[in-house]
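Me: I would like to learn how to read a few local features in a protein model. Please take them one at a time, with the general idea before the case.

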Amino acid sequence: MSAPFISRVMLRNYRSIGQCDVALGALTYLVGPNGAGKSNFLDALHLVSDALTSSLEQALNTRGGLSEVRRRSGGHPTHFGVRLEYNIDGKTGIYAFNVAALKDRGFEVQTEICSLGGPGKGPYYRIERGVLKASSEPTLPALTKDRLALVALSGLSSFRPIFDGLTSMGFYNLNPKLMRDLQKPQEGRLLKSVGENVASVIGHLERVCPEGLRTIEEYLQTVVPTVHAVKRLAVGPMETLEFRQDVPGARDPWRFTAQNMSDGTLRALGVLTALFQRNDDFAPTLIGIEEPETALHPAASAALREALALASTHTQVIVTSHSPELLDDTSIRDDHILAVSSDAGETRLAPVDGASRKAIREELFSAGELLKLGQLQPDPDLLRQQSTSQRDLFDEAVG
């Protein structure tokens with residue numbers, strides 16, 4: 001298995017997160033109570049993908065504007081910053097930027113750096129307020145300080161793999177109502193955030209990766225035993241999903257459209273489609289899913305847990321959860337977990353504390369049992385270390 005796409009995340013002043021510096025593996029559970037800030041961590045990664053796919057302004061506007069994104073410290077607005085360390089084709093790289101407000105209510109990208117392979121060994125640039133300070137390339141397109149430069153530089157072959165990797169991350173908080181509605185046909189290569197193109201994605205898998213669709217159907221039948229199959233169904237100029245489902249007293253399965261399916265079945269399908277939407281020509285670099293266990297019966301937790309583990313052998317997976325049932329298995333190691341807590345409204349993230357690590361490693365308790373006991377907490381020593389030795393977002397060394 002190749003290295004996970006995102007190996008390390010550093011954030012500064014993003015929503016409720018004052019600062020964090022955490023490593024990620026192939027499968028990561030963000031675990032903590034409601035309101036602790038788990039979603040804000042995932043949203044920081046989602047903002048990077050959104051800002052590169054559309055624009056930084058649009059990514060901020062969909063989140064309520066810069067004032068809603070940057071954390072307010074001591075009552076004063078602050079800038080926010082993101083640093084991602086990644087792996088592409090066996091090479092490590094960095095993408096980092098910070099954004100600050102201007103007096104005219106606008107904003108600017110103060111600093112942006114990007115590299116792959118290390119300074120002097122591969123593509124690299126550093127830009128400050130729209131002005132190029134250093135680059136591996138002899139010429140670059142025109143730059144502006146209110147846009148991320150990587151969007152413009154994605155037209156250069158040297159930076160294209162970085163752009164493609166960061167825009168191939170998918171983040172999901174699935175909405176059964178939108179999955180149930182008739183949908184407009186789309187390309188279907190990557191599932192959208194709330195599942196509003198799930199019929200197109202299933203149709204795409206039918207054409208190019210039937211084995212992926214079979215995997216989805218097998219897990220779906222484990223979670224919802226009466227459901228046997230799912231396919232895309234054209235309805236005039238629109239499309240929806242058609243399910244084959246057992247009905248008491250009927251000899252053969254009946255066919256039902258998405259409009260007749262429960263929230264739990266649709267959410268389960270959405271989660272599985274997000275996890276197994278890869279094919280020979282495309283695979284998401286990272287999948288982030290908000291509370292995949294929502295609306296599922298606790299008995300389905302084992303199948304969901306197995307699906308998450310299987311998917312993480314091909315695509316990096318991050319999930320938020322506060323479900324003891326989902327975590328109640330000794331196959332979940334302590335290094336799979338980032339514990340999340342809130343202290344006076346500030347989110348803190350770190351690996352679990354020493355006592356919990358020992359209990360999980362020695363199989364004295366599962367992670368789910370520790371969660372029920374309130375014992376899955378961020379390691380206080382690691383939190384202090386994060387606070388006292390804050391690394392510069394724009395340090396050019398990886399790791």
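Reply: Start with a loop residue: Asp 89 lies in the loop between β6 (80-88) and β7 (91-101). Helices (H or I, at least four residues) and strands (E, at least two) are DSSP runs, numbered from the N terminus. This is a predicted model, in which local features need pLDDT of at least 70 and side-chain atom pairs count only at pLDDT 80 or more, while totals for chains, interfaces and linings use all residues. Residues are numbered from 1 along each chain as its sequence is written, and side-chain values use heavy atoms, with hydrogens and water left out.

Me: What is the phi of Asp 89?

Reply: Most residues other than glycine have a negative phi. Asp 89 has a positive phi of about 50° although it is not a glycine. Asp 89 is also exposed, at a relative accessible area of 75%. Here buried means under 20% relative accessible area, exposed over 50%, and partly exposed in between (1.4 Å probe, protein chains only). Glu 363, again not a glycine, has a positive phi near 55°. Glu 363 sits in the loop between α12 (354-361) and α13 (367-372) and is exposed, with a relative accessible area of 54%.

Me: Which residues of α7 are buried?

Reply: They are Val 198, Ala 199, Ser 200, Val 201, Ile 202, Gly 203, His 204 and Leu 205. Because eight of the 11 residues of helix α7 (residues 198-208) are buried, the helix is largely enclosed by the rest of the structure. Contact means heavy atoms within 4.5 Å. The buried residues of α7 pack against α6 (176-180), α8 (210-223), β12 (227-235), β13 (238-245) and α9 (263-275).

Me: At what angle do the axes of α9 and α10 cross?

Reply: Axes are lines fitted to C-alpha atoms, for helices over the stretch in contact, and angles run from 0 to 180 degrees between N-to-C directions. The axes of α9 and helix α10 (residues 301-311) come within 10 Å and cross at roughly 20°. That makes α9 roughly parallel to α10; angles under 35 degrees count as roughly parallel, over 145 as roughly antiparallel, 65 to 115 as roughly perpendicular and the rest as oblique. The contact is made by Val 271, Leu 272 and Leu 275 of α9 with Leu 304, Ala 307, Leu 308 and Ala 311 of α10.

Me: How many salt bridges does the structure hold?

Reply: A salt bridge is a side-chain nitrogen of Lys or Arg within 4 Å of a carboxyl oxygen of Asp or Glu. The structure holds 26 of them. One of them joins Arg 71 to Glu 346, with the closest N and O atoms 3.2 Å apart. This pair links distant parts of the chain, 275 residues apart: Arg 71 is in the loop between α3 (66-69) and β4 (72-73), and Glu 346 is in strand β18 (residues 346-350). Both Arg 71 and Glu 346 are buried.

Me: Which residues does Ile 17 touch, beyond those up to four places away in sequence?

Reply: Ile 17 touches Leu 11, Arg 12, Asn 40, Phe 41, Arg 71, Thr 347 and Leu 349. Ile 17 is found in strand β2 (residues 17-23) and is buried, with a relative accessible area of 0%.
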